[in-house]
Every structure is written in structure tokens, then in C-alpha cells.
Amino acid sequence: MNRPTTLITGATQGLGRGIALDLACRGGTVLLHGRDRVRLDAVAAEVRATAPGATVRTYLADLADLRQVRAMAERILAVEPHLDALVNNAVAGGGTEPLRRELSAQGHELRFAVNHLAPYALVRGLLPLLMSSAPARVVNVASIGQERIDFDDIMLERDYEGLRAYCRSKLALIMATFELGGELAGTGVTVNALHPAHLMDTQGVRDYGLTPVIGIEEGVRPTVRLVTDPDVAGVTGRYFDRFTDSRAHEQAYDADARRRLMELTHRLVGEPAAAH
């Protein structure tokens, strides 16, 4: 890529910040998303200081509100002439109070909303720009932690637990990745998901009460590879465990489950179902 433009969601801390710093040092333009203006401006200043040759712009939105997701996509379409890559990294983890069920602005279970609905809506909103910029890449930061989705209780109104909600939302993200990969085949826009690393030193890991075991940089490398490596330029609709093309949870390969998920997803984000 020559002076690529990459949007990174959840760029104000943890993995997102690490990805932003790495890509900025490679040159080009980094578009940083965050939901807190003070933290977003601080990271933008840090990236500019670390990589003076890079261009940095910021976008503010709370991904727990689909209206803000759509508004951000519209702002990007209006301002940015090019978008080579989108890294959907922002995440709602297991939470500091795992037994407290939280809701998004639209009343959806929070993890499902932030980790699945928001990235899907953002891809949909930015698709015209991604396609006009092709070849372009979408990288969805998922997790090795995946749990079967119960379609009779998709919003976990029964027996709620934060990590369970997180694992189900990440499987939903992977299933949507597979669907988008198939839908966009031949357009020049690739869509892949990955588990970047296990128990990185992030706020989300610590908030849930887990002990980090490795540094952020271990997750940055495989994520940036999917953004930049020419060897994976044509690869799409795949799930990677770090650097390895791997098999996700079995439900991700269930065509009926994927159809049910995508019908619900299209309904919730207000998009028409894709033709098959």
C-alpha cells in the first residue's frame, strides 16, 4: 500500500492504541476512533509525536449507540477521500460487575451491541468508501473465547454473565465476518477476523479480574499483519488464531445459524438483508 489510510476503532488504549502507533510509524494516515474526547486527543497527540510523518485524524462516537455509529460513518464518508483498511477493535469486555446485565442505547445487550452490531453497522456504512478504495481490508478483532449463540435468548435475558455475553458476541462477529467475506468476494474488499493474543495486558482483562500474561505488542503484530501483509491480500472470510488460519467455533459453520444471525442483525441495525 502507498500511504494507506486506516481507521482503528477503540484506539484510545490497549490493543487499539498499539495498532495505531505501529501503523503510524509505517507512514500514511491513521483515523483514530474513541468515545472519550480527552483520551482521544491525548492518543492523537502521542501518535503524532511518535510518528511525525503520519497524518492523524480523530472521530468521536459511542459504539453502544447505533445512531452514533451511523453518524460517524457519514462523517468519514464526507471527509475522507480514501480508506484502505478498517480495524474493528473497540470492545466491551466481561465487565467489572459480570452479573450486571447492561444495555445499549437501543436496548440491546451491551456486549452484543458493541462487539457485533456496531462493527457490522460500521462496515455497512463505510462500504461505499472501502469499495471505491479497493483493494481494501476489514479486520475484525475477535477472540478465541467463543460460545454458542442461543437464538431463544440471544440477548441473554436469562442467567446473564458478562464473559458469557462477550464470548457469544465474539462468535457473532466471526459469523458476520464469514458472511461478509462471501458477500464481498470479488469486490476487492476482504474481511477477516482474528484472535490477536491470549490475556493481553489490557484494561478489559484486568477489569474482569483476570491476570494479564503477555504484552500488547504480541497482539499488535498479528493484527497489523492482516492489515498490511501482501501475502494475505486476497484472503477473505477467514478466522485466524494469531498468525494461523484456524477453525472457529462449530456454530460459525452452521449455515442456518448464520442466516438467523444475519436476519436479526440486519433488522437491528436497520439494513436490508443482503441478497444471496
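Just after helix 1, Gly27 adopts a positive phi of about 95°. Helices (H or I, at least four residues) and strands (E, at least two) are DSSP runs, numbered from the N terminus. The model is predicted: local features need pLDDT of at least 70, side-chain atom pairs count only at pLDDT 80 or more, and totals for chains, interfaces and linings use all residues. Residues are numbered from 1 along each chain as its sequence is written, and side-chain values use heavy atoms, with hydrogens and water left out.

Helix 1 has 12 residues. From first C-alpha to last it reaches 17 Å, close to the 16 Å expected at 1.5 Å a residue. The expected span is 1.5 Å times one less than the number of residues. Buried residues of helix 1 are Leu15, Gly16, Gly18, Ile19, Ala20, Leu21, Leu23 and Ala24. Here, buried means under 20% relative accessible area, exposed over 50%, and partly exposed in between (1.4 Å probe, protein chains only). Contact means heavy atoms within 4.5 Å.

Helix 7 (residues 217–228) also has 12 residues. Its first and last C-alpha atoms are 16 Å apart, close to the 16 Å expected at 1.5 Å a residue. Gly219, Val220, Pro222, Thr223, Val224, Arg225, Leu226 and Val227 are its buried residues. They pack against strand 1 (5–8), helix 1 (14–25), strand 4 (85–88), strand 5 (136–141), strand 6 (189–195) and strand 7 (238–241).

Thr29 lies in strand 2 (residues 29–34). Thr29 is buried, at a relative accessible area of 12%. Residues up to four places away in sequence aside, Thr29 touches Pro4, Thr5, Thr6, Thr55 and Arg57.

Five cavities of 30 Å³ or more were found. On a 1 Å grid over the protein atoms alone, a cavity is a set of points where a 1.4 Å probe fits but cannot get out; lining residues have an atom within 4 Å of a point. Grid points are joined across faces, edges and corners, and a volume is the space filled by probe spheres set on the points. The largest cavity has a volume of about 60 Å³. Its lining consists of Thr9, Leu63, Asn88, Asn89, Ala90, Val114, Asn115, Pro119, Val141, Lys170 and Leu173. Helix 4 (110–132) and helix 5 (162–183) are the elements that give two or more residues to this lining. Helix 4 gives the most, with three residues. By class, the lining has six nonpolar, four polar and one charged residues. Ala, Val, Leu, Ile, Met, Phe, Trp, Tyr, Cys and Pro count as nonpolar, Asp, Glu, Lys and Arg as charged, and the others, Gly among them, as polar.

Backbone geometry was also examined. Most residues other than glycine have a negative phi, and most peptide bonds are trans. The peptide bond from Ala134 to Pro135 is cis, with omega near 10°. Pro135 sits in the loop between helix 4 and strand 5. Asp159 has a positive phi near 50°. Asp159 belongs to the loop between strand 5 and helix 5, and is exposed at 65% relative accessible area. Arg242 takes a positive phi of about 55°. The loop between strand 7 and strand 8 (244–246) holds Arg242, which is partly exposed at 24%.

No disulfides (pairs of cysteine sulfur atoms within 2.5 Å) were found in the whole structure. Cys25 is exposed at 52% relative accessibility, whereas Cys167 is buried at 12%.

Conventions. 1 Å grid on protein atoms, 1.4 Å probe; cavity = no way out; pocket = protein on both sides within 12 Å on 5 of 7 lines; lining within 4 Å.
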